[in-house]
Number of protein chains: 2
Amino acid sequence: MIFPLITESYHPEAVIIAGGDYPTHPIPLALLRHAKFVCCCDGTAQTYIEHGYIPHAIVGDGDSLTEEFKTKYQSIFHHISEQEDNDLTKATRYCMAKGYTSICYLGATGKREDHTLGNISLLIRYMHAFHIQATMVTDHGYFTPAEGKNQFESFRGQQISIFNFGCTTLYSEGCKWNTYAFNELWQGTLNEAIGDTITFEGNGKYLVYRTFNSK
Amino acid sequence: MIFPLITESYHPEAVIIAGGDYPTHPIPLALLRHAKFVCCCDGTAQTYIEHGYIPHAIVGDGDSLTEEFKTKYQSIFHHISEQEDNDLTKATRYCMAKGYTSICYLGATGKREDHTLGNISLLIRYMHAFHIQATMVTDHGYFTPAEGKNQFESFRGQQISIFNFGCTTLYSEGCKWNTYAFNELWQGTLNEAIGDTITFEGNGKYLVYRTFNSK
């Protein structure tokens, strides 16, 4: 598979806005404008509406929304109170039920760092267990979960990190430093693209982070 | 071991300020005021000095500092250009060489999320390979790496997450939901303390996150 660079002209099928930091970078903001379907996790709907939009759906337990807000937006508010899944997964299941299999996650980092860590690792779950093509876009770059052999569009000087989630072999082409099956998350950070494509080949799952800018 | 709550009255031996988001919460700011030794990772020295302080040491490759700044602070600037370690690890080695074995990390999250992920996982390395008592304090809570059986001071309603780094058994007492040897990082999030102590017992390494506030 070839994973393209994410730029302002990327038009995602479905976007889920999570309860972390609301995006400020032009690229995630453009994705939000171009998205065919926008689903907000609970309280983040308030912020999205303050930015002048109406989401297609609001999913969550309603904990962080006022009664007035819930009444006003009852036609798009989908109350899901089960406690096995966090709001990001509830929203993902909702989008899947709508038939979306390619989902872009915004606002999924920032604020509580345990949520950030959990949300990032959920991308692997969404790819592997839900068969979703998931991309998490932040104000600095984007995470893409993958497995097997894949190409990732890049540009010279783009900062790259790869996080190993269970590979015992993990090869790269097109990076400044060759990768291997890292045991620790920090070992795959601080790499860099040398040209316009990187190839990773792992015998399991991994997560690639690419920055918007070169160093 | 008993890991206390971190409050404004905690006086860490050594504090390392990394290049993520500079702290804004009263607790990390108080730790910074009370620290006996403050070491800045490269460019963050600039921000720390703008806040009216002078660090005891600045460690890094100097990439993000002007020549003028480096000349002015040459007596405390320690240039380390090797590329095996990131700035956080360079600063940690420097503090260890000074005899500090208890280190509090600030500004180690925020900005690039691959750095955040790398820095969080480095806490496990500092504990296990460097025998450092490491704590990472953010604007929302704090991460403590641990292994074996430990008590963590808590309060009713405190939000808790635990991240498993290699345990095959991982038990808890004092949490709303019992833990087990989670396979995925997201599985240990969204837990809560029911009283003033939590006990975790794992046959390997794990990382505990506690929030400053209840939900």
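Reader: What rotation and what shift superpose chain A on chain B?
Author: In this predicted model, chain A is superposed on chain B by a rotation of 180° with 0.0 Å of shift along its axis, and the RMSD is 0.0 Å. The two copies are thus related as by a two-fold rotation axis.

Reader: Which residue of chain A comes closest to the rotation axis?
Author: That is A:Gly110, whose C-alpha lies at 3.3 Å from the axis.

Reader: And do the copies meet through the same surface or through different ones?
Author: Through the same surface, because 100% of the interface residues of chain A are also interface residues in chain B.

Reader: OK, how many residues are in contact there?
Author: On the side of chain A there are 30 residues in contact with 30 residues of chain B. The area buried between chain A and chain B is about 2,800 Å², and carbon and sulfur atoms give 68% of that area.

Reader: Which residues in chain A lose the most area to chain B?
Author: They are A:Glu113, A:Leu117 and A:Trp186, which together account for 26% of what the chain A side buries.

Reader: Switching topic, which domains does the assignment give for chain A?
Author: The domain assignment of chain A gives domain 1, covering 9–139, and domain 2, covering 145–214. Taken over C-alpha atoms, the centres of these two domains of chain A are separated by 26 Å, and their contact takes 13 residues from domain 1 and 9 residues from domain 2.

Reader: How much area do they bury between them?
Author: Domain 1 and domain 2 of chain A bury about 930 Å² between them, with 79% of it on carbon and sulfur atoms. On the domain 1 side, A:Ile124, A:Met127 and A:His128 supply 52% of the area buried against domain 2, more than any other three residues.

Reader: How many salt bridges and polar pairs between the domains, then?
Author: The count of salt bridges between domain 1 and domain 2 of chain A is 0, and the rule finds 1 residue pair in polar contact across that interface, both residues being at pLDDT 80 or more.

Reader: Which elements supply at least two residues on the domain 1 side?
Author: In chain A these are α1 (26–34), α5 and β7 (133–137). The largest share of the domain 1 side, 6 residues, comes from α5(A). The residues of domain 1 that touch domain 2 of chain A divide into 8 nonpolar, 4 polar and 1 charged.

Terms used: Residues numbered from 1 in each chain as written. Chains lettered and ligands numbered in written order. Predicted model: local features only at pLDDT ≥ 70, side-chain atom pairs only at ≥ 80, totals over all residues. Heavy atoms only, no water. Contact = heavy atoms within 4.5 Å. Buried area = accessible area lost by both parts, 1.4 Å probe. Least-squares fit on C-alpha atoms with pLDDT ≥ 70 in both. Domains from an automatic or database assignment. Salt bridge = Lys/Arg side-chain N within 4 Å of Asp/Glu carboxyl O. Polar contact = N/O pair within 3.5 Å; in protein donor to acceptor, adjacent residues only side chain to side chain. Helix = DSSP H or I, 4+ residues; strand = E, 2+ residues; numbered from the N terminus. Nonpolar A, V, L, I, M, F, W, Y, C, P; charged D, E, K, R; others polar.
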